[in-house]
Amino acid sequence: MVCGNMGRLLSGRLKMAVSGRLSMRMLSGCSWVRGSDPAVLSRLRDEAVVRPGFLSQAEEDTLTRELEPQLRRRRYEYDHWDAAIHGFRETEKFRWSDASQAILHRVQEAAFGPDQTLLSLVHVLDLEPRGYIKPHVDSVKFCGSTIAGLSLLSPSVMKLVHTQEPEQWLELLLEPGSLYILRGSARYDFSHEILRDEESFFGERHVPRGRRISVICRSLPEGMGPGRPEKPPPAS
Ligand SMILES: O=C(O)CCC(=O)C(=O)O
Ligand SMILES: [Fe+2]
Ligand SMILES: [Mn+2]
């Protein structure tokens, strides 16, 4: 679990003034991940990771500016009876500006191993302020063992609940500019959801939901990477 890096929001004298408070916070543990119990927190230490301030403000603006025209052409979708996501529009993006490619490369280095291949289409999801994502586990048909998401514009709370033992849970505080990574057990054994505004609590603290854009990179489903062909080569 990586904590800290509130630095980009603070500068100069302000930073000096609050640094005492910050270090107190750091001593009391990581402020971005809460859990049902210490055992779950410790078990998922490296499998449910939040990196606040992964993006600089300039990088966040670069991504938002690039995505906005493409998203604006679509309408928000609501209340499909079985839909996991409500109040959203989305796109999958293949071509990126050089600046955004550099950001996505940093995500790749931070979240994926050298032996992992990423889906070439990056998933972009725009949740309106009342939008939310119900608990689900990403399909193993379309996604491998790692999911990494950047959050833009609004903070939100992602909740992870064990699919067999629902008393085991984690809450991730996803501030704008943060990166989250779900891998291994956190990706396969826990559902994840983005809480609607009324339920958007990180512990006692209400995290008011505005419009949130997420940029999500996924590894290829297992067995589909290069060198691991989907089908065995023909016998002759
Ligand atoms: O918006 C996010 O960060 C997560 C989206 C999600 O869970 C999904 O598309 O499967
Ligand atoms: Fe998901
Ligand atoms: Mn859906």
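A strand is a DSSP run of at least two residues, and strands are numbered from the N terminus. The legends below describe a predicted model.

**View 1. The shell of residues around ligand 1.** Strand S4 (122-136) and strand S12 (212-218) each supply at least two residues of this shell. Its members are His123, Leu125, Ile133, His136, Asp138, Tyr180, His192, Arg212, Ser214, Ile216 and Arg218. Sorted by class, the shell around ligand 1 has four nonpolar, four polar and three charged residues.

**View 2. Polar side chains beside the oxygen atoms of ligand 1.** In the side chain of Tyr180, an N or O atom is 2.6 Å from an oxygen atom of ligand 1. For His192, the distance from a side-chain N or O atom to an oxygen atom of ligand 1 is 3.0 Å. Arg218 also has a polar side-chain atom 3.0 Å from an oxygen atom of the ligand. On its own, ligand 1 has 300 Å² of accessible area, and the protein covers 94% of that area.

**View 3. The largest pocket, where ligand 1 sits.** Ligand 1 sits in this pocket, which has a volume of about 350 Å³. The pocket is lined by 20 residues, and those closest to its centre are Ile85, His123, His136, Asp138 and Arg218. Of these, His123, His136, Asp138 and Arg218 are also listed in the shell around ligand 1.

**View 4. Strands that line the largest pocket.** Which strands each supply at least two residues of this lining? They are strand S3 (85-93), S4, strand S9 (190-194) and S12. Two of these strands, S4 and S12, each supply at least two residues of the shell around ligand 1 as well. By class, the lining of the largest pocket has 10 nonpolar, five polar and five charged residues.

**View 5. The second largest pocket.** This pocket has a volume of about 240 Å³. It is lined by 13 residues, and the closest to its centre are Trp96, Leu104, Gln108, Ser120 and Val122. The lining of the second largest pocket divides into seven nonpolar, four polar and two charged residues.

**View 6. Helix H4 and strand S12 at the second largest pocket.** Helix H4 (98-111) and S12 each supply at least two residues of the lining. Which element gives the largest share of the lining of the second largest pocket? The largest share comes from H4, with four residues. S12 also supplies at least two residues of the lining of the largest pocket.

Key. Residues are numbered from 1 along each chain as its sequence is written. Chains are lettered from A and ligands numbered from 1 in the order in which they are written. This is a predicted model: local features need pLDDT of at least 70, side-chain atom pairs count only at pLDDT 80 or more; totals for chains, interfaces and linings use all residues. Side-chain values use heavy atoms; hydrogens and water are left out. A residue is near a molecule or strand if one of its heavy atoms lies within 4 Å of it. A polar contact is a pair of N or O atoms within 3.5 Å; within protein, one must be able to donate a hydrogen and the other to accept it, and residues adjacent in sequence count only if both atoms are side-chain atoms. Accessible areas come from the Shrake-Rupley method with a 1.4 Å probe; for residues, only the protein chains shown count as cover. On a 1 Å grid over the protein atoms alone, a cavity is a set of points where a 1.4 Å probe fits but cannot get out, and a pocket is an open set with protein on both sides within 12 Å along at least five of seven lines; lining residues have an atom within 4 Å of a point. A molecule sits in a cavity or pocket if more than half of its atoms lie within 2 Å of its grid points. Ala, Val, Leu, Ile, Met, Phe, Trp, Tyr, Cys and Pro count as nonpolar, Asp, Glu, Lys and Arg as charged, and the others, Gly among them, as polar. Grid points are joined across faces, edges and corners, and a volume is the space filled by probe spheres set on the points.
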